[in-house]
Amino acid sequence: MKLFLVFCGFLCSLLPLRAVAGAGTADSLLTELNQALAHKKEYDGQRLNRIAVLTADFVSSEANDNTKFDLGLRIYEEYKAFKYDSAFAYCQKITQLAAQLRSPEKIEVAKLKLAFVLLSSGLFKETFETLDSIDPRRLTAADKQSFYFLLARAYSDLGDFNQDQTYRPRYYAKALAYADTAVLLARPGSYEYLSVQEFRAQKTNNLAAGAAVYQQILQLPHLSLHQLAVSASTTAYVYELAGQPEKAFELLLVSAIADVKTATKETTAIFKLSDYCYRQGDLKNAYTFIKEAREDATFYKARQRQIEISHVSSIIEGQKINIIENQRKSLKTYAIIMTLLASVVIGFAVVSVRQLRRLRKADQLIFAANRELLERNGELRQLNSGLNEANKIKEEYIGYYFHNNSQYIDKLETLKKRVEALLASKQYAGAQKLVDAVNIKTERNELLKGFDSVFLRLFPNFIAQFNELFRPEDCIALPDDQLLTTELRIFALIRLGIADSEQISRMLGYSINTIYTYKTRVKNRSLLPNEEFEARVQAIQAV
């Protein structure tokens, strides 16, 4: 049933394909794009539903490592153009599964997927480091073609990012060389083959070749909306270089519509549309599109794209301010003209100008104050969250220790009365027997058991989240009659802010060397570097 829902979502994404690709005028496409943006949350929800189904299968205990690896790849495919953080996380998961399976081929595939999302996020250094670590001989023919095409894209993007005229041509030359290798590995007539050809047409500014390849791509029988978006965006760039901005604008609209309907966040089409609308004087759509582009780039965490968008966004918003400023100047001019008609109007105009200047200054002050207030509110929310957690911990443990200490005081009072009575009657043997009956070890265990109970009430997911920091075989298993082990209890105290090993040793009744030994043994088994382990434990959230 779950797979059926995923398949239905895929079919739904294919149904409007021909309608988008074959749409007519720019005005009709612009209308369709704005309608799609109005339903953006629904399209995002469809992708999230597919991810939820796949994720449920992935975390199922019935799935073996091979099945999980395949499911992890499918979840990665859903995330790779949707959300960088999640795509990166699943790259880590499939890398771990590949290592557990001891499959060199799967390890290389996982690296290839990681390189793709690193490039999409604008992390060039990490992208090239990952690509350099890949052995293409262990890849399948299709993955090998993807590897060389990804290298071509990486050098192309680096050339676009690097404005230096000395290095950019070298990067473009490498991009074309790798594209030549990629096209040799692709099946002629396939989407992969045609997309590389389209890439080459873009890099060589060959409009005829780019337009011809785009028409061939449109005729492919199983072309997806996402593939259409990528192809239309690439061809739009070729038309733009050829001095045909109107045709480029139509193709960008086709690409943006497909991106919205497939919930694609790693995209350039809508960003370029905002720039085109701005240059055409259509500030309304320019502002709408740049706002969407900024939200998509922030959601995906595309660093390079955020930088590009912030530059254009400031220009568009600056233009809006200029228009408002021009309108104010016009009002001022009209006021001056009116002053020539009557002296009374002159006085009114002077007052109006002064008020306008005051309002402008007040607007600037209000804007600065609002921005500072938003920053302070964000800091206060974080502080309140921490304080709420700390207050809850204090309330629980203060209540626990008041109750516990009152019980101990009652026990001491009873013991004191009985000892005094025995000593008064000179029953020294009975007094000694009464003292010997006090079992310090049992009392300490009861104290620790109470601590465990309160801690797990505050942090019910502590053990599960703590075990996530280890390999499955190194996870801590608890006996049925025990709430926390000594190791868990040490790190529970650390989570509560007690980091001093000497203080922990006194509280738990162990030597300080024993505490150090426990901590070192746990950290050495974890998946994290030793210096990061305690910080990760302290990040575990309370209820």
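I looked up Y84 and found it buried at 6% relative accessible area; buried means under 20%, exposed over 50%, and partly exposed in between, with a 1.4 Å probe and protein chains only. This is a predicted model, in which local features need pLDDT of at least 70, side-chain atom pairs count only at pLDDT 80 or more, and totals for chains, interfaces and linings use all residues. Residues are numbered from 1 along each chain as its sequence is written, and side-chain values use heavy atoms, with hydrogens and water left out.

I counted pairs next. The structure holds 24 aromatic pairs. Y84 and F88 form one that is tilted, 5.8 Å centre to centre with 35° between the planes. Rings of Phe, Tyr and Trp (its six-membered ring) pair if their centres lie within 6.5 Å; planes under 30 degrees apart count as stacked, over 60 as edge-to-face and the rest as tilted. Both residues lie in helix α6 (residues 84-101), four residues apart, about one turn of the helix. Helices (H or I, at least four residues) are DSSP runs numbered from the N terminus. F88 is partly exposed, at 31%.

I then turned to F491 and F533, an edge-to-face pair at 5.2 Å centre to centre and 80° between the planes. The pair links distant parts of the chain, with F491 in helix α22 (residues 486-495) and F533 in helix α25 (residues 530-538), 42 residues apart. F491 is buried at 1%, and F533 is buried at 0%. Ring pairs join both to a cluster that also includes F451 and F470.

Definitions and conventions: Helix = DSSP H or I, 4+ residues; strand = E, 2+ residues; numbered from the N terminus.
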